[in-house]
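Subject: Structure handover and notes

Dear colleague,

Please find the structure below, followed by my notes on what was found in it.

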Amino acid sequence: MTACNDIEIAERKLFSAQLMPHRSLNRTGFLVLMGFLTVVSFAAGVAFTLMGAWPVFGFFGLDVVAVYWAFRVNFHRAQAVEEITITPSELRVRRVSHRGHVVEWVLNPLWVRLDQKTHAEFGIEKLYLVSRGRRVSVASFLGADEKASFAKALTAALQASKRGPTYNPVA
């Protein structure tokens, strides 16, 4: 085996995942929802104005502004990313927050185990990578079923890294 082959085997990815928070609406859905809320709020405001309760009209506008602001915050927070990569020599967790702050952990996959906090009714609540007293929470924004699937794939990749590199001679 040559030095080049050793490097290729050591750097080969056994597992790679990019996790992003779920967004309930895309841009078109958001625009349709906001248009609908605006029309309904305006119609209700006009109805209250015709009944003589004109101060209520402004409050309907505030509702539309509050819903708009809540969705904008949701869209901004959905820019967070969590990347998990496993090679035979390292496990790398890279977390980028919605503000652009980057935190990265590099662990030896030989010493890492996956720990789960499970609720009897709701399934997997938390996933942790544990290595030498360090606990790194991963996949926090996935649902319970998605966490179970992710945990299964991550466990298989960790076991593959513990078996060591396999030699595939090229003919």
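The largest nonpolar core has 23 residues, and those with the most contacts inside it are Leu-129 and Phe-150. A nonpolar core here is a set of buried Ala, Val, Leu, Ile, Met, Phe, Trp, Tyr and Cys residues joined through side-chain atoms within 4.5 Å, where buried means under 20% relative accessible area, exposed over 50%, and partly exposed in between (1.4 Å probe, protein chains only). At least two residues of this core are supplied by each of β1, β2, β3, β4 (102-107), β6, β7 and α4, and the largest share, five residues, comes from α4. A second, separate core of five residues includes Phe-30, Met-34, Phe-71 and Phe-75.

Before going further, a note on provenance: this is a predicted model, in which local features need pLDDT of at least 70 and side-chain atom pairs count only at pLDDT 80 or more, while totals for chains, interfaces and linings use all residues. Residues are numbered from 1 along each chain as its sequence is written, and side-chain values use heavy atoms, with hydrogens and water left out.

As for the overall fold, the protein chain has four helices and seven strands, in the order α-β-α-α-β-β-β-β-β-β-α along the sequence; helices (H or I, at least four residues) and strands (E, at least two) are DSSP runs, numbered from the N terminus. Of the 171 residues in the protein chain, 29% are buried. The chain exposes about 11400 Å², of which carbon and sulfur atoms supply 60%, with accessible areas taken from the Shrake-Rupley method with a 1.4 Å probe and, for residues, only the protein chains shown counting as cover. Among contacts (heavy atoms within 4.5 Å) between residues at least 6 apart in sequence, 51% join residues at least 24 apart.

Helix α4 deserves a paragraph of its own. The 20 residues of α4 (residues 144-163) should span 28 Å at 1.5 Å a residue, and the end C-alpha atoms are 29 Å apart, which agrees; the expected span is 1.5 Å times one less than the number of residues. The buried residues of α4 are Lys-147, Phe-150, Ala-151, Leu-154, Ala-157, Leu-158, Ala-160 and Ser-161, and they pack against β1 (15-19), β2 (81-86), β3 (91-96), β5 (113-119), β6 (123-131) and β7 (134-138). Leu-154 is also one of the residues that Leu-129 touches, not counting residues up to four places away in sequence, and others among them are Leu-91, Val-93, Leu-107 and Val-136. Gln-159, also in helix α4, is partly exposed, with a relative accessible area of 46%. The helix is followed by Gly-164, whose phi is positive, near 95°.

Arg-132, at about 50°, sits in the loop between β6 and β7 and is exposed, with a relative accessible area of 66%. Ala-139, at about 55°, is in the loop between β7 and α4, but is buried, with a relative accessible area of 0%.

Lastly, Val-46 lies in helix α2 and counts as partly exposed at 32% relative accessibility.

Best wishes
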